[in-house]
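Here is a short briefing on one protein model. Look at the strands and the core as you read.

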Amino acid sequence: MKKSIFIILVVLALALSACGGGNKPSTDLKTEFTDFAFTPNTWVVPAGQEITLTVTNAGAVIHEFVIMKLGATVGDDFGDEDEDNIYWEVEAAAGQTLTVTFTAPAEPGEYQIVCGTEGHFVAGMLGSMTVVAP
Ligand SMILES: [Cu+2]
């Protein structure tokens, strides 16, 4: 009985460590756009550092990766009133893969990530980027 619990724990530990994009700060991010989600949809980055982001749009329509400013969150859907609250954004057409860079925010905290294409936020295309002190 004890042995089987140990094996389960080892398998769980391996599964968690294989997940990658998890909880460790990284300057090399990836995400895939689909209709309508980011996979993965959580990232942890070190404050103030240059971040390389590779986005692959595996969906059928254009998608955006929008980092909202700290404390700013989108309401009902992404609209004109949210434009001033954008920290940084990139968009990719269907089938496109892009590698881009941006400077992580200097202030640690949790930043909302949304797709700014109309209706996509409502469809659940959102995530969060946690900025930690380097
Ligand atoms: Cu989208």
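Which residue of β2 is the bridge partner of E32? T39 is that partner. The model is predicted: local features need pLDDT of at least 70, side-chain atom pairs count only at pLDDT 80 or more, and totals for chains, interfaces and linings use all residues. Residues are numbered from 1 along each chain as its sequence is written.

**Sheet**
- Strands here are DSSP runs (E, at least two residues), numbered from the N terminus.
- β1 (residues 28-34) and β2 run antiparallel and are joined by three bridges; strands pair if DSSP finds at least two bridges between them.
- An open sheet of four strands runs β2-β1-β4-β7, with mixed pairing.
- β2 (37-39) and β7 are at the edges with a single partner strand each, so one side of each lacks a neighbour in the sheet.

**Nonpolar core**
- A nonpolar core is a set of buried Ala, Val, Leu, Ile, Met, Phe, Trp, Tyr and Cys residues joined through C-beta atoms within 7 Å.
- The largest has 22 residues; V66, I113, V114 and M129 touch the most other members.
- β5 gives the largest share of this core, four residues.
- Beyond neighbours within four places in sequence, M129 contacts W43, V45, I67, Y111 and I113; contact means C-beta atoms, placed from the backbone, within 7 Å.

**A104**
- A104 sits in the loop between β7 (97-103) and β8.
- A104 is buried because 25 other C-beta atoms lie within 10 Å; the cut-offs are 20 or more for buried, 12 or fewer for exposed, and partly exposed in between.
- Not counting residues up to four places away in sequence, A104 touches residues including V45, P46, I51 and V131.

Conventions. Two residues are in contact if their C-beta atoms, placed from the backbone, lie within 7 Å.
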